[in-house]
Amino acid sequence: MGVPATTTMGESESPRSPEAKLGMQVEDLWDVQEPQLSPTEKLNACFESVPVSAFPPAPSNQVIEIKSDTSLAEAVKILSQHKILSAPVVDVDAPEDASWIDRYIGIVEFAGIVVWILHQSEPPSPRTPTSPSSATAIAAAANGLKGLDIAGLELGSDFAATTAGSFFEALTSSEFYKNTQVRDISGSFRWAPFLALQTSNSFLTMLLLLSKYKMKSVPVVDLGDGKIDNVITQSAVIHMLAECAGLQWFESWGTKKLSELGLPMMSADHIVKVYEDEPVLQAFKLMRKKRVGGVPVIEKGGSRAVGNISLRDVQFLLTAPEIYHDYRSITAKNFLTAVEKYLETHHEVYPMLSTMVTCKKDHTIKDLILMLDAEKIHRVYVVDDDGNLEGVITLRDIISRLVHEPRGYFGDFFDGVLPLPENSRV
């Protein structure tokens, strides 16, 4: 479940990790800021002075890329195997000396895969099998929501719970799913807007893109060879912050209570949730519709949360057939149980599913950062003294409270971003 917070901190030891050294660089900048500046203004100035090239590379020191001729099925496997949520897509037809903007066509991510499964509404591919044995379920895969309705998978109905297994079994075994390539859909369906930073861009730019502008990850390109040499994620930023605990600039901000910083931003009334006896497909549909990355699973007839399902968890329905073989009725509860069993059998460590990670409004932002980093999770639910949900806090919420965007800061920065394709649904 990650490194315990007590060993992640480094408060009583000299900072040695790359992230901690980066924190010391910010500390040096903090000490020379004008005294009349507020802590937030000081942080903004510090992060504006640090280039993104200073951000430590991913632990593997290798950026995982997916070729444009990779099948959707293989793309899911690559993301799952490397335990990542997204990866840049390389155009296999681009010349070797192509610029980065011609080399990469977008980002493939689990969130996009969920959208494809639930809302892909283009006509069926010519490769789609039409045999009677698979026609209904494959039509669902090809036609998205309309196909799901036709197939009787109107989400929220009892019939959906009993047929979900058949749907995923037919989908993952279909030639349509196996043969559809990433580039086949990139022209009419953008997995995610592709925007890369240059190594000379600032930390402040990167932090704003990950918070206010809602990017899940930010690729950093080396203009010299036109290739991505780092991908900075929200999780990586939270880990950097955790490694900086104890430093003056961090403590001036991190010791504030969540309520002082206006957290949680999403209240209990607005938390998107699914009940344990509802189809797991309903959970993914809600995440897509409400544009959230995860939902709590609530006990039947009650208000207690018994688990959490996130967008990345769709990988288990696509890569672990035993889940829908063992549970023909894939309710949210059965999904949680099946995934736990699968992880135990395969001796895999995975962020918490069935155990809710919670905090209270009087916790500090520092407490929260250490918790998120130690457990390698993306959200924490805020509860009262009786355990009732009061809100949810995500990685993006935390980063958004770290910096603010100066007036006119981006200027024409977004002018060079690749335009969305015509008829794009994202």
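A charge sits over a ring if NZ of Lys or CZ of Arg is within 6 Å of the ring centre and within 35 degrees of the ring normal. I looked for that here, and the charged end of K42 sits over the ring of W30, 4.9 Å from its centre.

**Ground rules.** I'm working on a predicted model, where local features need pLDDT of at least 70, side-chain atom pairs count only at pLDDT 80 or more, and totals for chains, interfaces and linings use all residues. I number residues from 1 along each chain as its sequence is written, and side-chain values use heavy atoms, with hydrogens and water left out.

**Aromatic pairs.** I paired rings of Phe, Tyr and Trp (its six-membered ring) if their centres lie within 6.5 Å; planes under 30 degrees apart count as stacked, over 60 as edge-to-face and the rest as tilted. That gave me 9 aromatic pairs. F47 and W249 are edge-to-face, because their planes stand at 90°, with the centres 5.8 Å apart. F47 is in helix α3 (residues 39-48) and W249 in helix α14 (residues 248-254), so this pair ties together parts 202 residues apart in sequence.

Next I checked burial, where buried means under 20% relative accessible area, exposed over 50%, and partly exposed in between (1.4 Å probe, protein chains only). F47 is buried at 0%, and W249 counts as buried at 0% too. F55 and F203 make a tilted pair, 5.7 Å centre to centre with 40° between the planes. F55 sits in the loop between α3 and β1 and F203 in helix α12, so that pair ties together parts 148 residues apart in sequence. F55 is buried at 6% and F203 at 1%. Ring pairs link F47, F55, F203, W249, F250 and W253 into a cluster.

**Cores.** A nonpolar core is a set of buried Ala, Val, Leu, Ile, Met, Phe, Trp, Tyr and Cys residues joined through side-chain atoms within 4.5 Å. Which members of the largest one touch the most other members? I got F47, M206, L241, W249 and W253, out of 54 residues. Helix α12 (residues 203-210) gives the largest share of this core, 7 residues. I also found a second, separate core of 47 residues, which includes I78, F335, A338 and V339.

**Contacts.** I call it a contact when heavy atoms lie within 4.5 Å. Leaving aside neighbours within four places in sequence, W249 is in contact with G23, V26, E27, W30, L43, F47, L241 and C244. C244 is itself buried, at 0%. T205 lies in α12 and is buried at 6%. With the neighbours within four places in sequence left aside, T205 is in contact with L197, Y409, F410 and F413.

**Sheet.** Two strands pair if DSSP finds at least two bridges between them. I see an open sheet of 3 strands in the order β1-β2-β3, with mixed pairing. The edge strands are β1 (66-67) and β3 (104-109), each pairing on one side only. β1 runs parallel to β2 (residues 86-90), joined by 2 bridges, and I66 has V89 as its bridge partner in β2. β2 and β3 run antiparallel with 5 bridges, and P88 stands opposite I107 in β3. β2 is mostly covered, with 5 of its 5 residues buried.

**Helix α15.** R291 follows α15 with a positive phi, near 60°.

Terms used. Helices (H or I, at least four residues) and strands (E, at least two) are DSSP runs, numbered from the N terminus.
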